[in-house]
Amino acid sequence: TGATQISINPTAGGPLPVTLGNFTATIHNNSVYLEWKTYSEFNSKEFVIERSVDGINFETINITAAAGNSNLVKNYSYNDNNLPQKSTLYYRLKSVDIDRQYQYSKTLRVHFAKGSFYINKIYPEPASGIIHIDVSNVREVTYCAISFINLNGAIVKRSTMVLHKGDNLIDINISSLSKGVYILKINNNETEAVEKLIKE
């Protein structure tokens, strides 16, 4: 997977005594890792992370406390692992001071690589019996294989499944697996989705 970042003209609600460094977004498996830094802060209150599926209408997904006052480089991050089922997402950062004045960062556009399907979530984690795999499928019907691979690279459990267009919830019993860490892999001729799984 990869990400494309495109700057869009920011808007501002007033001057803010924060010197903001780079604001970046990186796709990692099925989450988006956001990072930013400040070079100085004066009476800063918080950073509001906003996300959009269309680049116009944004919603708040996280509020991170700011340093307040600092003349040192401060690094911040947030991992967005509850993603909407869209191939393109937009993020922007709202810096707010104690007087509620604010300014926006540039807007980032994150584009997921094309594929037949992707894993939204696996739960419970860790698991002991039945696991639920939330998968979104782009095509009308996708036939794929699901494999459980131990840390030695051996496939210890394998089955096939059919994904229909949209959301799919797959239940699999892993009670026969030994305790440990596994790689769960779903693949067909076009797409491969991989997640880590802990069996307790």
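Let's begin with a word for the whole tour: a residue is called buried when its relative accessible area is under 20%, exposed when that area is over 50%, and partly exposed in between, using a 1.4 Å probe and protein chains only. What you see is a predicted model, in which local features need pLDDT of at least 70 and side-chain atom pairs count only at pLDDT 80 or more, while totals for chains, interfaces and linings use all residues. Residues are numbered from 1 along each chain as its sequence is written, and side-chain values use heavy atoms, with hydrogens and water left out.

**Stop 1: the whole chain**

Show the chain as a cartoon. You will find 14 strands and zero helices; here helices (H or I, at least four residues) and strands (E, at least two) are DSSP runs, numbered from the N terminus. Next, colour by burial: of the 200 residues in the chain, 42% are buried.

**Stop 2**

How many salt bridges does the structure hold? There are seven, each being a side-chain nitrogen of Lys or Arg within 4 Å of a carboxyl oxygen of Asp or Glu. Side chains of opposite charge can pair when their charged atoms come close.

Select R51 and D80. Their salt bridge has its closest N and O atoms 2.8 Å apart. This pair links distant parts of the chain, with R51 in strand β3 (residues 44–52) and D80 in strand β6 (residues 74–80), 29 residues apart. Are they buried or exposed? Both R51 and D80 are buried.

E59 counts as partly exposed, at 43% relative accessibility, whereas R51 has a relative accessible area of 9%.

**Stop 3: K45 and E46**

Select K45 and E46, whose side chains meet in a salt bridge (3.1 Å, N to O). E46 is buried at 11% relative accessible area, while K45 is partly exposed at 35%.

**Stop 4: a loop**

Finally, select S176 in the loop between β12 (155–173) and β13 (180–187). S176 is exposed, with a relative accessible area of 60%.
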